[in-house]
Amino acid sequence: MGNVIMYFAFLFLFSYVLLVDFKPPPPKGPSILEIILYFWVFTVVLEEIRQSFFTDEDMNLMKKFKLYVEDNWNKCDMVAIFLFIVGVTCRMLNSTFQDGRTILAIDFMVFTLRLIHIFAIHKQLGPKIIIVERMVKDVFFFLFFLTVWLIAYGVTTQAMLHPDDSRAEWIFRRVLYRPYLQIFGQIPLDEIDSSRMELKNCTSKDNTLSCPNDYANWLVILLLVVFLLVTNVLLMNLLIAMFRQVTYTFQVVQGNADIFWKFQRYNLIVEYHGRPAFAPPFIIIDHIKLFLRRIFKKMEHKKEHMERDLPEGLDQKIITWEMLQKENYLANLEKKKKESNEERLKKMSDKVNNLSKYFSGLKEQDKRLRSLESQT
């Protein structure tokens, strides 16, 4: 609970710095609250380093790092920390101040999405998180087809309507943004249809015309019709068919919601059980304690190793003694095995004797009955 409260406090501090207290580059900034935010993220970085490299598992650093990267939430942490470092570096310079603010704003979104992992322990929200994750995987192929068709149409129409416009920002808008809006019905006919174009509003910059080209405009209209037909009819029906599979995924996860919740809860408990007691930024106290403890443990280990150094010839005696003990142990196992076999045979023989006595008694009774029948 303390980690959740402190994480909300971290997000509140981050948002306050971005919205209210984001000072200009040095010497006017950063502010005191922004410096506290930097220190807070520094403690988070230390904790991530501890999780990735300084664990109790006996393996080399590369295997520890690979094991750390296998978790998707750890990848999210790495992206968030990387964006924060880049954003802070850019905001310290006058030339890249606005770029740094933009990167930090995007980084805040990544840190906020990290809340999903914290609420995975909730009995109602935990299974829903798995459902959303699987739905994203199911819809990925639809998004792939949509992106391919959108780029094909956007590049073609841009080449036909604005062949002389080389401005990168406008190329991006007309190739990706405008076709995406056309899917939802926002069709700018005054920029596509030559009969509705107002050429008097065209501008020229550096002899690069941005006016639409009316050559082969009929083909542009035809491509628009085909594009809307494919996206709004074919691809949308494909999406509906995929969501039937998503509905099946929802039913499967919802039917086993208790199992998924217990599994997520176990993973989160194991993760936080291996963490220090304090939450960031106070976690630096535990990091200092762990650092000092590791140093003292190394010193004790070296001291014990020097005291237990074997003299010459003693290591060979120890190897001989181990071999003898191994042979004695194997001999005892073989002896127990034989004794157990003898006991089994003895029990089997007792059972056979009891059965033979029982059958002999039945034979005698049968003889007596026959003799009685013959007398009668």
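Analyst: Let us begin with a single residue and what surrounds it, bearing in mind that this is a predicted model. Leaving aside its neighbours within four places in sequence, E47 is in contact with R275, P276, I283 and H287. E47 itself is found in helix α2, which covers residues 32-53.

User: Is E47 buried or exposed, and how is that decided?

Analyst: The reading rests on relative accessible area, and a residue is called buried when that value is under 20%. E47 has a relative accessible area of 3%, so this charged residue counts as buried.

User: How do I describe the way α2 packs against α4?

Analyst: One gives the angle and distance between the axes, then the handedness, and then the residues that make the contact. Here α2 and helix α4 (residues 72-91) pack at an angle of about 145 degrees, and their axes are 11 Å apart. The crossing in which α2 passes α4 is left-handed. On the α2 side the contact is made by E34, L37, Y38, V41, V45, E48 and Q51, while α4 contributes N74, D77, I81, F84, V88 and R91.

User: Which residues does N74 touch, and is N74 buried or exposed?

Analyst: Not counting residues up to four places away in sequence, N74 touches E48, Q51 and Y68. N74 and E48 are 26 residues apart in sequence, yet their C-alpha atoms are 8.2 Å apart in space. As for Y68, its backbone oxygen lies 2.9 Å from a polar atom of the side chain of N74.

User: What does R91 touch?

Analyst: R91 is also found in helix α4, and because its relative accessibility is 0%, R91 counts as buried. With residues up to four places away in sequence left out, R91 touches F22, K23, P24, P25, P26, P30, E34, Y38, T96, F97 and G100. One of these, P26, is joined to P27 by a cis peptide bond with omega of about 10 degrees, and P27 is found in the loop between α1 and α2.

User: Where else is there a cis peptide bond?

Analyst: The peptide bond from P280 to P281 is cis as well, with omega near 5 degrees. P281 is found in the loop between α11 (257-273) and α12 (283-307).

User: How should I read a nonpolar core, and which residues touch the most other members of the largest one?

Analyst: The general idea is that in soluble globular proteins nonpolar side chains tend to be buried together. In this model the largest nonpolar core has 23 residues, of which Y7, F10, F14, L37, F84, L104 and F111 touch the most other members. At least two residues of this core come from each of α1 (2-19), α2, α4, α5 (97-113) and α6 (115-118), and α1 supplies the largest share, 7 residues.

Methods
Residues are numbered from 1 along each chain as its sequence is written. This is a predicted model: local features need pLDDT of at least 70, side-chain atom pairs count only at pLDDT 80 or more; totals for chains, interfaces and linings use all residues. Side-chain values use heavy atoms; hydrogens and water are left out. Helices (H or I, at least four residues) and strands (E, at least two) are DSSP runs, numbered from the N terminus. Buried means under 20% relative accessible area, exposed over 50%, partly exposed in between (1.4 Å probe, protein chains only). Contact means heavy atoms within 4.5 Å. Axes are lines fitted to C-alpha atoms, for helices over the stretch in contact, and angles run from 0 to 180 degrees between N-to-C directions. A crossing is left-handed if the near helix is turned anticlockwise from the far one by less than a right angle, and right-handed if clockwise. A nonpolar core is a set of buried Ala, Val, Leu, Ile, Met, Phe, Trp, Tyr and Cys residues joined through side-chain atoms within 4.5 Å. A polar contact is a pair of N or O atoms within 3.5 Å; within protein, one must be able to donate a hydrogen and the other to accept it, and residues adjacent in sequence count only if both atoms are side-chain atoms.
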